[in-house]
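Good morning, and thank you for making time for this presentation.

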Amino acid sequence: MAGAAASNPRLGRFVETVAAGETVRAFVPPTLPPEPAIDVLALLERLSLAERALGRLDGITMLLPRQELFLYMYVRKEAVLSSQIEGTQSTLTDLLRFETEAQAGQPIDDIREVSNYVDAMMYGLERLKELPLSLRLIREMHARLLQSGRGGTKDPGEFRRSQNWIGGTRPGNALFVPPPTTELDTCLGALEAFMHEERSRLPALIKAGLLHVQFETIHPFLDGNGRIGRLLVTLFLCVHGVLRSPLLYLSLYLKAHRADYYRLLQEVRERGAWEAWLEFFLEGVAETANQAFDAATRIVQLFKEDRERITADSERAGSVLRLHDLLQQNPFVTAKLLVERTGLTAPTVNAALADLERLAIVEEVTGRRRGRVFGYRRYLAILNEGTDPLPAAV
């Protein structure tokens, strides 16, 4: 392999290291950008489609009456999907009910992990106002991602100090062994330098695709690498002005095509097949942006139709519209929450909820007499598309 690496500079090198008592060959990737240079010309059509889809998405979000609301929900959907790829069984419904302090259907650890992801993502976006995209920011987000739940024992906010591996039951039969700790600082330093270099003149979308793979290959944390690596794509595109709002999240596409995703990551490592990965990545960006555009359009239309129905069919339209406004922010509500947030009396809220049930806008989801929870049915249906958990591994 050393000879192959010399003849093809896109191939990395292997270093012997000890992991869990076994001597294994760990992979050290070459620095970015790849040499020979990426054939951008061959990717031009896909790149153009991806950029156009992102522009369209950016355009509609500017027209949304409640842009921050769409972002709020979309961030939560991405958190659920990204966590599902890592094996959690939580759904978007679980997370939203958890946040409303309603009855949670899934193990609390699963929901906590998804909630932490939302926190890490929002923290990272806010922090970019005062800190460049950097290893420091990545570590800070990681600390929040693993701050409680199962990740708490996996060195939150710290790059690993021991060897990890991917796939297999032990290092000796692993699918892939990332760089040893002795090479980690050099690999990460080069990754950070690539985030900020301009000499390659590569389009931001191409650079985002390269960064994602390199981060996954370095695998610098004991846990949470996949989630941080996917988040890195969106942050990079926001920093470089490709997105004005952080609404591109690839997890739905990667979840649907996860076998191809893992295969293509491995082919970059084994053969330097960057172009095949970038084709897949750009296709995913275009598909994901188009799905988000479609969802935003349908949500705007749904809110408009429901407001019109309430105005036409309710005798207490004023109070019902106030509840409807709050349901856009919290698709799950309790009467107690509505009284607190709207300032309306309990009898008024209960009468308005009865109207919303009659109009089939909300439905009661617990079947209980006390502590009832109401869900905004059609809104939740749009948000939930694609978020059924993956089948558990046997």
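This is a predicted model: local features need pLDDT of at least 70, side-chain atom pairs count only at pLDDT 80 or more; totals for chains, interfaces and linings use all residues.

I begin with helix α14, residues 335-342, and helix α15, residues 346-358, which pack at an angle of about 120 degrees with their axes 9 Å apart. Residues are numbered from 1 along each chain as its sequence is written, and side-chain values use heavy atoms, with hydrogens and water left out.

Axes are lines fitted to C-alpha atoms, for helices over the stretch in contact, and angles run from 0 to 180 degrees between N-to-C directions. Under 35 degrees counts as roughly parallel, over 145 as roughly antiparallel, 65 to 115 as roughly perpendicular, and the rest as oblique. α14 and α15 are therefore oblique to each other.

On the α14 side the contact is made by Ala335, Leu338, Val339 and Thr342, and on the α15 side by Ala346, Val349, Asn350 and Leu353. Contact means heavy atoms within 4.5 Å. Six of these residues are nonpolar, two are polar and none is charged. In this classification Ala, Val, Leu, Ile, Met, Phe, Trp, Tyr, Cys and Pro are nonpolar, Asp, Glu, Lys and Arg are charged, and the others, Gly among them, are polar.

The second pair is helix α6, residues 135-145, and α9, residues 225-239. Their axes come within 11 Å and cross at roughly 130 degrees, and α6 and α9 are therefore oblique to each other. α6 passes α9 with right-handed geometry. Ile138, Met141, His142 and Leu145 of α6 meet Arg227, Ile228, Leu231, Leu232 and Leu235 of α9. This contact has seven nonpolar residues, one polar and one charged.

From α8 the contact takes Leu205, Ile206, Ala208, Gly209, Leu210, His212, Val213 and Gln214, and from α12 Trp274, Trp277, Leu278, Phe281, Leu282 and Val285. By class, 11 are nonpolar, three are polar and none is charged.

I turn now to the spaces. On a 1 Å grid over the protein atoms alone, a cavity is a set of points where a 1.4 Å probe fits but cannot get out; a pocket is an open set with protein on both sides within 12 Å along at least five of seven lines; and lining residues have an atom within 4 Å of a point. Points are joined across faces, edges and corners, and a volume is the space filled by probe spheres set on them.

How many cavities of 30 Å³ or more are there? The count is three, and the largest cavity holds about 100 Å³. It is lined by 13 residues, with Pro29, Pro30, Gln214, Val268 and Trp274 closest to its centre. α8 gives the most to this lining, with three residues. The lining of the largest cavity comprises eight nonpolar, three polar and two charged residues.

The largest pocket contains about 490 Å³ of space. Of its 20 lining residues, Glu86, Trp165, Ile166, Gly167 and His219 lie nearest the centre. α11 gives the most to the pocket lining, with five residues. Eight nonpolar, seven polar and five charged residues make up the pocket lining.

Finally, the backbone. Leucine 32 and proline 33 are joined by a cis peptide bond, with omega about 0 degrees, and proline 33 is in the loop between β2 and α2. The bond from glutamate 35 to proline 36 is also cis, with omega near -10 degrees. Alanine 20, in the loop between β1 and β2, has a positive phi near 50 degrees in a residue other than glycine.

Conventions
Helices (H or I, at least four residues) and strands (E, at least two) are DSSP runs, numbered from the N terminus. A crossing is left-handed if the near helix is turned anticlockwise from the far one by less than a right angle, and right-handed if clockwise.
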